[in-house]
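Subject: Structure handover

Hello,

Here is the structure I promised to pass on. Please open it and keep it beside this message as you read.

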Amino acid sequence: MNGKDYLENQVLTAQPHQLHLMVVDGALRFARKAAQAIENNQFEVGHFALDKSRDLVAELIGGLDPAHQPEMIEQLKALFIFVYENLNHADVKQEASYIHDAIKVLEIHREAWCELIQTLQPDTIDENKTVHSHDPLKRPHHIEHSEKSHQSRSWLT
């Protein structure tokens, strides 16, 4: 199985909370790549990385379902809009400090999301009575270029 097939399988079999984590990880990875590129005056590389990071943040915003806990969803939406706007300002002004602010927010969100997963996800017990904890902090393998489009779906359902 090649990397693209592995990623496709991982996405298709992931739980909604895992998909959300994968999108956050992708947004962080591209934001870090953009920050490094801009700091090295590689503005074209930075622009394309920022564009991908913004696409992933837009996916986070699009995955919010206000039918579930509307107050919390509005707060998350405001958080992700702040991140998106900072990534946009960084692209326009070619200033990495905006990216670092966005990264800090995404990292805090990721940490809180992982804690929530650990709290809500029960351990599994196999037939030998061995407890297996799920590890939501494990980073998924990502492929930067996907030729197949995907459909957006809410990560809260």
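Below is what I found, starting with the whole chain and ending with two single residues.

**The chain as a whole**

Remember that this is a predicted model. The chain has five helices and two strands. Their order along the sequence is α-α-α-α-α-β-β. The chain has 157 residues, and 34% of them count as buried. Next, take the contacts between residues at least 6 apart in sequence. Of these, 66% join residues at least 24 apart.

**H2 against H3**

Start with helix H2, residues 16–39. The axes of H2 and H3 come within 8 Å and cross at roughly 160°. An angle over 145 degrees counts as roughly antiparallel, so H2 and H3 are roughly antiparallel to each other. H2 passes H3 in a left-handed crossing. Which residues make the contact? From H2, they include Val23, Ala27, Phe30 and Ala34. From H3, they include Phe43, Ala49, Leu56 and Leu60. Sorted by type, the residues of the H2 contact with H3 are 15 nonpolar, four polar and three charged.

**H2 against H5**

H2 also packs against helix H5, residues 96–120. Their axes are 9 Å apart, and the angle is about 160°. H2 and H5 are therefore roughly antiparallel to each other. The crossing of H2 and H5 is left-handed. The residues of this contact divide into 15 nonpolar, four polar and five charged.

**H3 against H4**

Now follow H3, residues 43–62, to H4, residues 70–93. The axes of H3 and H4 come within 10 Å and cross at roughly 165°. How do the two helices run relative to each other, roughly parallel or roughly antiparallel? H3 and H4 are roughly antiparallel. H3 passes H4 in a left-handed crossing. Among the H3 residues that meet H4 are His47, Arg54, Val57 and Ile61. Among the H4 residues that meet H3 are Lys77, Phe80, Tyr84 and Leu87. The residues of the H3 contact with H4 divide into eleven nonpolar, three polar and three charged.

Find both in the viewer.

**Two residues to look up**

Pro16 lies in helix H2. Is Pro16 buried or exposed? Buried means under 20% relative accessible area. Pro16 has 18%, so Pro16 is buried. Pro16 and Gly63 are 47 residues apart in sequence. In space, their C-alpha atoms are 9.8 Å apart.

Phe82 lies in helix H4. Its relative accessibility is 38%, so Phe82 counts as partly exposed. Which residues does Phe82 touch, leaving out those up to four places away in sequence? Phe82 touches Asp101 and Val105. Asp101 is 19 residues from Phe82 in sequence. The C-alpha atoms of Phe82 and Asp101 are 9.4 Å apart.

Best wishes

Note on methods
Residues are numbered from 1 along each chain as its sequence is written. This is a predicted model: local features need pLDDT of at least 70, side-chain atom pairs count only at pLDDT 80 or more; totals for chains, interfaces and linings use all residues. Side-chain values use heavy atoms; hydrogens and water are left out. Axes are lines fitted to C-alpha atoms, for helices over the stretch in contact, and angles run from 0 to 180 degrees between N-to-C directions. Helices (H or I, at least four residues) and strands (E, at least two) are DSSP runs, numbered from the N terminus. Angles under 35 degrees count as roughly parallel, over 145 as roughly antiparallel, 65 to 115 as roughly perpendicular and the rest as oblique. A crossing is left-handed if the near helix is turned anticlockwise from the far one by less than a right angle, and right-handed if clockwise. Contact means heavy atoms within 4.5 Å. Ala, Val, Leu, Ile, Met, Phe, Trp, Tyr, Cys and Pro count as nonpolar, Asp, Glu, Lys and Arg as charged, and the others, Gly among them, as polar. Buried means under 20% relative accessible area, exposed over 50%, partly exposed in between (1.4 Å probe, protein chains only).
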